[in-house]
Amino acid sequence: MKKAEVIDVIPSKKIIVGDKNAPVTLMQFGDYESEACARAHEVVKKVLETFPQQVKFTFRHFPLLKVHQKAHKAAEASLAAAQEGLFWEMHDELFRNRHSLGVISLKGHARDVGVKSKKLLDELINGLYGPYVQDDLKEGIKLGVTDIPAFFINGKKLEGAPTFENLSRQIQQVLQNNLKKAA
């Protein structure tokens, strides 16, 4: 009898970009087919450039399946890439190609960012990473996410639009409050 292979999967909540010791954690719930999330993606890049030591970022999956039928598989593909340390490259690639997210296209996008796995197509078809996307969805629902993009700064939901100005202002408030507490 052959023993089943156990695969340790890196979930999205453990995939962080930025200084791991940064005092501010920016968390976004979104999906790869959303135009609003694509715009927010550009804002996040600017925030990370502006606050390189102060902000770390994590992206959590919240595919709106009634509107974006391909977003769930795209999220799974990003997690497949994450297993090879290529989550952020795939993340960028999926937003760049948000109008081309069929399973075969996802395999091509993964290849374009350097994913070497020969099993990727099978993993996507069989939904290997599906439960991890569902975990993100459940957590988002528990936190009160109803629409995307939804942002949290150190666990507190961002009020207002996810513009660079609004995110920056709220990040600076958190940093100033941290300074006051430390004093």
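I started with Lys 45, which comes out partly exposed at 33% relative accessibility. This is a predicted model, so I am reading computed values throughout.

Who does Lys 45 pair with? I found a salt bridge to Glu 42, with the closest N and O atoms 3.5 Å apart. I make that a salt bridge because the cut-off is 4 Å. Glu 42 is partly exposed too, at 45% relative accessible area. I placed both in helix α1 (residues 35-50), where three residues, about one turn of the helix, separate them.

Next entry: Arg 60. I see a salt bridge from Arg 60 to Asp 136, and the closest N and O atoms sit 2.8 Å apart. Arg 60 belongs to strand β3 (residues 55-61) and Asp 136 to helix α6 (residues 130-142), so this pair ties together parts 76 residues apart in sequence. Buried or exposed? I get 4% relative accessible area for Arg 60, which is buried, and 2% for Asp 136, also buried. I noted as well that Glu 139 joins Arg 60 and Asp 136 in a network of salt bridges.

Then I went to helix α3 (residues 87-96), which holds Arg 96 and Glu 93 three residues apart, about one turn of the helix. Their side chains meet in a salt bridge, 2.7 Å from N to O. I checked how accessible each partner is. Arg 96 counts as exposed at 57% relative accessibility, whereas Glu 93 counts as buried at 10%.

Last, the tally: how many salt bridges does the structure hold? I count six.

How values were computed. Residues are numbered from 1 along each chain as its sequence is written. This is a predicted model: local features need pLDDT of at least 70, side-chain atom pairs count only at pLDDT 80 or more; totals for chains, interfaces and linings use all residues. Side-chain values use heavy atoms; hydrogens and water are left out. Helices (H or I, at least four residues) and strands (E, at least two) are DSSP runs, numbered from the N terminus. Buried means under 20% relative accessible area, exposed over 50%, partly exposed in between (1.4 Å probe, protein chains only).
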